[in-house]
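Here are some notes to read alongside the structure. Please take the points in order, with the picture open beside you.

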Amino acid sequence: VYVFPHLFAQIQECYMKHYKVSEADLATIAVEEYANGNRNVLAQMNRVKVTLHDVLTIGERNRYVIEGLPLKTYECSQITDGYATLILATEEGLKKLGVSRADAIEIAGYAQATDPLLMQGRDVLHPAGSYKAMHQAYEMAGVTPKDVNVAEIHDCFTVMGAIGTEVIGKAKPGQGAKYWVEGKARQDGECGINLSGGLIAKGHPVGATGVAMLGTCFKQLTGRANAQVKDAKVAVTYNVGGTAVASVCTVLKQPS
């Protein structure tokens with residue numbers, strides 16, 4: 001039960017010390033995600049209001065998950081029930097289904113990469129497989145991080161919200177939490193990240209998580225989202241398994 005939280009609590013401590021990031025900086029990610037979840041009627045924590053004071057204060061509802069390490073309850077994803085489906089079709093397939101191109105989105109780029117399972121000997125703050133998969137997906141799609149204004153990333157814990165922001169190219173290493181603190185990840189920011197509430201507030205249905213990310217981006221790119229990003233044109237998803245070991249990245253576009 002405590003294997004993953006313990007490992008990510010260690011990663012969080014390492015991230016804070018290496019980049020001189022405060023608990024408040026990472027806690028801000030949780031606050032922003034809960035606020036996003038409040039606007040998503042399907043989010044598990046839709047009715048739960050969380051302030052920065054709540055995330056930083058240790059009490060009955062919020063505690064350090066592992067004593068001596070900085071990860072707290074409100075900074076953890078919500079394991080939940082859920083399902084997600086998608087239909088993949090060629091242009092000919094769309095015609096057979098009677099679906100117009102305007103009602104579909106294009107999977108313009110995708111890639112998968114795997115890092116060694118053991119944390120020892122690899123840079124957990126800069127997961128090589130994640131960066132490789134994201135780079136390949138961007139290259140296939142013919143876009144750069146500057147083109148992206150919607151993203152869903154695997155925020156199993158707040159530190160991964162920060163690292164994920166760096167993997168998709170919206171922040172330099174060590175600057176991911178700052179991106180959220182500065183409001184750049186908001187609906188009206190540079191790139192709306194995890195406007196669904198993310199795994200922290202929307203919920204983490206584990207096996208359905210990656211497809212759900214695509215579904216959320218589909219809604220954004222077709223103008224159907226609850227917290228709609230203005231002029232959403234290009235979206236990315238970053239999903240991982242284990243301790244950021246198996247990474248799957250996609251780039252999604254409105255049909256040209």
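Does A171 count as buried or exposed?

1. A171 counts as buried, because its relative accessibility is 12% (buried means under 20% relative accessible area, exposed over 50% and partly exposed in between, with a 1.4 Å probe and protein chains only). The model is a predicted one, in which local features need pLDDT of at least 70 and side-chain atom pairs count only at pLDDT 80 or more, while totals for chains, interfaces and linings use all residues. Residues are numbered from 1 along each chain as its sequence is written, and side-chain values use heavy atoms, with hydrogens and water left out.

2. A171 sits in the loop between helix 6 and helix 7 (176-181), where helices are DSSP runs of H or I with at least four residues, numbered from the N terminus. Apart from neighbours within four places in sequence, A171 is in contact (heavy atoms within 4.5 Å) with T165, E166, G176 and Y179. The C-alpha atoms of A171 and P145 lie 9.6 Å from each other, although these residues are 26 residues apart along the chain.

3. Helix 2 (residues 23-38) packs against helix 6 (residues 158-167) at an angle of about 90°, and their axes are 8 Å apart; axes are lines fitted to C-alpha atoms over the stretch in contact, and angles run from 0 to 180 degrees between N-to-C directions. Helix 2 contributes L26, I29 and A30 to the contact, and helix 6 contributes T158, V159, G161 and A162.

4. L88 belongs to the loop between helix 3 (52-56) and helix 4 (91-97), and L88 counts as exposed because its relative accessibility is 65%.

Notes: Helices (H or I, at least four residues) and strands (E, at least two) are DSSP runs, numbered from the N terminus.
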